[in-house]
Amino acid sequence: MASWTDFKGKIYSKAAAQAVAGQGLMTEKKFLIVTAVGVGLITGVGAEALRFIIGKITAGTFWLMDALDANWLLLLLPVVGVVLCGIYCRYVLKDDMEFGCQRIHDALLRKDYRMRGHIVYGPIVSCALTLGFGGSAGSEGPIAYAGAGIGSNVGKLFGLSPNTLRILIGCGAGAGIAGIFKAPVGGALFAIEVLGVEFTTMSVMALAACCVASWFTSYVCSGMTLDLPMHIVHSFDAALIPAALLLGLCCGFYSLYYNFLMDKAEHAIMRVGNPWVKNVASGLMIGGCLFLFPALYGEGYGVVGGLINGHDAGLLSRSLFGGSGSVWIPVVILAGILAVKSFACGMTNAGGGVGGDFAPTLFAGCMAGMLFASVSNLALGTSLPVADFALFGMAGVMAGTIQAPLMAMFLTVEMTGHFDVFFPLMVTALISFVTVRLFTNKTGIPTHPSWLHRGVDDFISRF
């Protein structure tokens with residue numbers, strides 16, 4: 001009887017794959033689809049595990065603050081999270097998990113398709129420690145990195161060719177985004193539009209199968225619920241288009257500010273040579289932001305979910321400014337959050353924590369859209385639907401900051417299940433994207449992260 005090693009060696013050389021096909025077992029292309037589905041299923045479980053662990057740690061920290069009536073713990077909790085993450089990465093993994101999406105992109109550029117085994121779980125654990133204790137970032141970068149690691153290691157297990165490993169890395173990364181956001185189209189567009197991975201027709205089918213499998217797994221494991229369901233639904237109103245255009249322009253300029261501040265924050269904290277000092281310093285600065293604006297805690301999906309459904313309780317919860325009944329207090333808090341969000345995110349990701357860049361742009365976009373509509377309604381007497389403009393802002397800031405308009409549009413509507421206002425949302429996203437492109441091309445303002453723009457430039461150059 002042939003051994004497993006002999007069996008896989010026969011199947012996955014090209015000549016042997018043809019022989020297997022001749023025996024009617026499975027063609028190489030069919031096996032790619034099957035493998036991609038398997039990668040998607042595993043990545044979907046990983047995404048749900050990451051979401052679950054972050055939720056449990058966050059619930060524990062909030063219970064502790066309530067039990068002790070000690071909101072001042074917001075100053076210290078990020079220090080605990082970043083230090084624990086630093087210890088885990090330096091002494092347990094002995095590898096750096098920061099900037100997962102950038103590491104995927106760099107590995108693809110180097111044609112280094114054989115990722116180490118701990119990448120399958122390392123980003124998940126380190127991200128859970130970072131965000132669970134208040135790090136102000138997202139979970140999509142780490143789970144995309146883990147998904148890429150899953151794709152690479154599954155491919156290595158079966159002895160697949162380097163070209164197939166490359167495809168599975170892109171599929172795994174896209175599946176990570178699809179699973180954590182429950183957005184299969186957004187996940188596929190991430191791999192194509194952001195990473196700039198080149199796909200053939202067959203590999204696009206594998207990518208789609210992988211992302212759908214990841215989304216379905218995460219969706220089922222979470223009780224078939226959306227992360228940000230919109231209960232207040234408005235139909236398309238053409239009268240909103242001028243305001244959506246103006247919001248897109250505002251989102252574009254805010255995206256320039258967001259990237260500029262994040263770039264400065266990251267460069268500043270990365271100059272600190274001692275990792276212990278860097279971890280503590282970044283944690284304290286994150287804690288200072290949280291103490292002023294507790295809504296910055298973690299990914300902030302609870303706050304965003306409330307705002308797009310017309311509730312601002314999450315925005316005011318634990319806030320120093322929550323005691324006043326003035327209608328302008330939420331406006332002040334929104335402006336303050338927008339001013340420091342990218343700084344807190346930069347400190348989280350570059351100061352020793354492990355997080356992502358996409359969810360923060362959605363959070364900031366929600367704040368920007370709500371601020372735009374609230375100021376217009378209060379100061380100018382308009383009647384803009386605040387929840388809808390919060391949704392438009394999510395797509396606008398992501399499109400401008402990440403420079404990935406297609407992913408921003410589809411990911412936003414998939415997360416919320418609100419497709420009825422797709423056209424004004426698309427207008428906001430495209431205007432923001434174009435605004436950033438025009439101004440960065442003219443002035444050379446550095447935007448973050450630069451690897452994303454290389455991928456987008458490659459994507460645009462095809463047209």
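A residue is called buried when its relative accessible area is under 20%, exposed when it is over 50%, and partly exposed in between (1.4 Å probe, protein chains only). By that definition C345 is buried, with a relative accessible area of 0%.

The structure is a predicted model, in which local features need pLDDT of at least 70, side-chain atom pairs count only at pLDDT 80 or more, and totals for chains, interfaces and linings use all residues. Residues are numbered from 1 along each chain as its sequence is written, and side-chain values use heavy atoms, with hydrogens and water left out.

**Overall make-up**

The protein has 463 residues, and 58% of them are buried. Its secondary structure consists of 20 helices and 0 strands; helices (H or I, at least four residues) and strands (E, at least two) are DSSP runs, numbered from the N terminus. The accessible surface is about 18000 Å², and carbon and sulfur atoms account for 68% of that area. Such areas come from the Shrake-Rupley method with a 1.4 Å probe, and for residues only the protein chains shown count as cover. A contact means heavy atoms within 4.5 Å. Of the contacts between residues at least 6 apart in sequence, 81% join residues at least 24 apart.

Helix 16 covers residues 358-380. Of its 23 residues, 18 are buried, so the helix is largely enclosed by the rest of the structure.

Aromatic rings of Phe, Tyr and Trp (its six-membered ring) pair if their centres lie within 6.5 Å; planes under 30 degrees apart count as stacked, over 60 as edge-to-face and the rest as tilted. The whole structure holds 12 aromatic pairs. One of them joins F190 and F358 edge-to-face, with 5.6 Å between centres and 70 degrees between planes. F190 lies in helix 9 (residues 184-194) and F358 in helix 16, so the pair ties together parts that are 168 residues apart in sequence. F190 is buried at 0% relative accessibility, and F358 is buried at 2%. Elsewhere, W215, F216 and Y219 form one aromatic cluster.

**Charges over rings**

A charge sits over a ring if NZ of Lys or CZ of Arg is within 6 Å of the ring centre and within 35 degrees of the ring normal. Two such cases are tabulated.

| Charged residue | Ring | Distance to ring centre |
|---|---|---|
| R90 | W276 | 4.9 Å |
| K341 | F363 | 4.8 Å |

**Cysteines and S203**

A disulfide is a pair of cysteine sulfur atoms within 2.5 Å. By this rule there are 0 disulfides. C210 is in no disulfide, as the nearest cysteine sulfur, that of C171, is 5.1 Å away. C210 is buried at 0% relative accessibility. C171 is also touched by S203, which touches L32 and I167 too, not counting residues up to four places away in sequence. S203 belongs to helix 10 (residues 201-221) and is buried at 1% relative accessible area.

**Two lysines with positive phi**

K111 is not a glycine, yet its phi is positive, near 60 degrees. K111 sits in the loop between helix 5 (100-110) and helix 6 (122-132) and is exposed, with a relative accessible area of 63%. K182 is likewise not a glycine and has a positive phi of about 55 degrees. K182 is in the loop between helix 8 (162-181) and helix 9, but is buried, at 3%.
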